[in-house]
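Good morning, and thank you for coming.

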Amino acid sequence: MRVLFVQNRANKAGAQVCLALIIKALKGSGIETKVIIGEEGWLSDRLRILDVLGGIAPFPSLRSLPSRLLKLGPFMKAADIVWKTHGPFHIINANDTWDALLAEKLALKWKIPWIVHLRSITTPEQPHQHYLKYHCNKADAAVAVSPSSFQTVLAWDHRLLEYIPEGLSEDTFSSPYEKEILFPYEIGVVGHSGTIKGWADIAAAFKKVKERRGALPRKIHFFGKASTGCQNEIREEMPSDIQVVFEGHVDNLTDYLRSLDLVISPSRQESFGMSVLEAIAAGTPVLASRTGIVPDIMGCDSPWTFLPGNPEHLAITWMNIPSFWNTRNDYLLKWQEIIIKDYSIDALYGKLVKLYRKVLELHKS
């Protein structure tokens with residue numbers, strides 16, 4: 001079986017990291033995979049290492065007439081080269097809703113089925129309209145990556161819907177790092193500077209902590225793409241007692257996370273939340289907003305979680321840390337056990353292979 005993935009952006013973010021993990025797992029299952037991608041970047045480099053890069057061609061926006069006129073022809077020619085060089089393919093897999101329209105177009109051209117991973121389906125302001133706009137209801141199968149997104153899409157029109165979350169391989173897990181510290185003074189924040197990731201809530205929360213004379217961290221590292229405007233806003237809002245460092249994207253994120261006392265994931269909304277899994281797997285304590293799969297792993301009322309988009313609740317959660325800090329490794333081990341049990345990538349992408357086969361059987365009939 002040969003599968004062609006369609007993915008536009010190549011920067012290092014959740015959907016791209018998940019795709020790299022999928023590809024690696026599928027290769028281990030004997031599935032031949034290639035990826036056509038819209039640009040050079042972290043993901044294209046990673047795909048070269050895995051020997052699955054099919055081709056690079058700027059993606060047209062099919063909802064924009066100028067983009068269709070200028071980019072669609074060159075893209076389809078590039079796709080034909082990928083087909084002739086590495087095909088024929090049996091199925092097209094859009095890595096996210098944003099890639100669905102092009103995946104559909106290629107599937108219609110080559111008369112093969114296509115599926116879409118609904119990674120960002122719960123993050124737009126009008127998710128159902130977004131779902132229909134990108135023809136996800138017309139896919140031969142749609143994959144929900146979190147329980148909440150599955151329940152959301154279940155009520156919508158679809159041909160076939162499966163719940164297959166993201167996952168990690170067991171060799172990525174590290175034991176909790178035993179540090180002789182009484183309080184997390186050096187912390188990391190994961191995500192990016194987009195509003196949905198909640199970085200501004202960090203500064204607002206620590207401003208409240210200082211006003212209440214609570215203990216502050218000494219240094220905060222922000223990991224992920226950060227606009228200059230966001231950096232300036234955070235520095236202006238953050239108490240001057242805290243040293244702020246914007247690290248951008250780093251290749252060895254796990255090593256960075258293990259060197260920290262604590263990681264915060266302040267997302268206001270997540271379809272999944274791979275960064276939380278990675279931090280827990282690194283053996284680092286985590287404070288996370290209750291969105292995506294966080295409640296399923298860390299618990300709905302865990303003292304380590306806070307309400308998304310709520311700096312007040314984050315400030316309260318932070319100030320309560322001394323009351324449960326000494327139990328951090330007990331919590332970490334419990335979370336790791338849940339991830340290994342329910343989010344093992346080898347088991348999960350065995351489910352994806354089964355879905356491919358089911359779709360192909362339905363397509364034949």
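Let me begin with L65, which is partly exposed, its relative accessible area being 49%. Please bear in mind that this is a predicted model. L65 is found in helix α3, which covers residues 65-86. Together with L69 and L70, L65 forms a nonpolar patch on the surface, and the three share about 360 Å² of accessible area.

I turn now to the aromatic residues. The structure holds 19 aromatic pairs. F183 counts as buried because its relative accessibility is 7%, under the 20% cut-off. W318 is also buried, at 2%.

Which ring does F206 pair with? F206 forms an edge-to-face pair with W318, at 4.9 Å centre to centre and 85 degrees between the planes. Here too, distant parts of the chain are linked: F206 sits in helix α7 (residues 199-211) and W318 in helix α12, 112 residues apart. F206 is buried, with a relative accessible area of 3%.

Two further features deserve mention. W304, F324, W325, Y331 and W335 form one aromatic cluster. Finally, R218 places its charged end over the ring of Y185, 3.8 Å from the ring centre.

Thank you; I welcome your questions.

Note on methods: Residues numbered from 1 in each chain as written. Predicted model: local features only at pLDDT ≥ 70, side-chain atom pairs only at ≥ 80, totals over all residues. Heavy atoms only, no water. Patch = residues over 30% accessible without salt bridge, like charges linked within 9 Å, V, L, I, M, F, W, Y side chains within 5 Å. Areas by Shrake-Rupley, 256 points an atom, 1.4 Å probe, with all protein chains shown as cover. Salt bridge = Lys/Arg side-chain N within 4 Å of Asp/Glu carboxyl O. Helix = DSSP H or I, 4+ residues; strand = E, 2+ residues; numbered from the N terminus. Buried < 20%, exposed > 50% of the residue type's maximum accessible area, 1.4 Å probe, protein only. Phe/Tyr/Trp six-rings, centres within 6.5 Å; stacked < 30°, edge-to-face > 60°. Lys NZ or Arg CZ within 6 Å of the ring centre and 35° of its normal.
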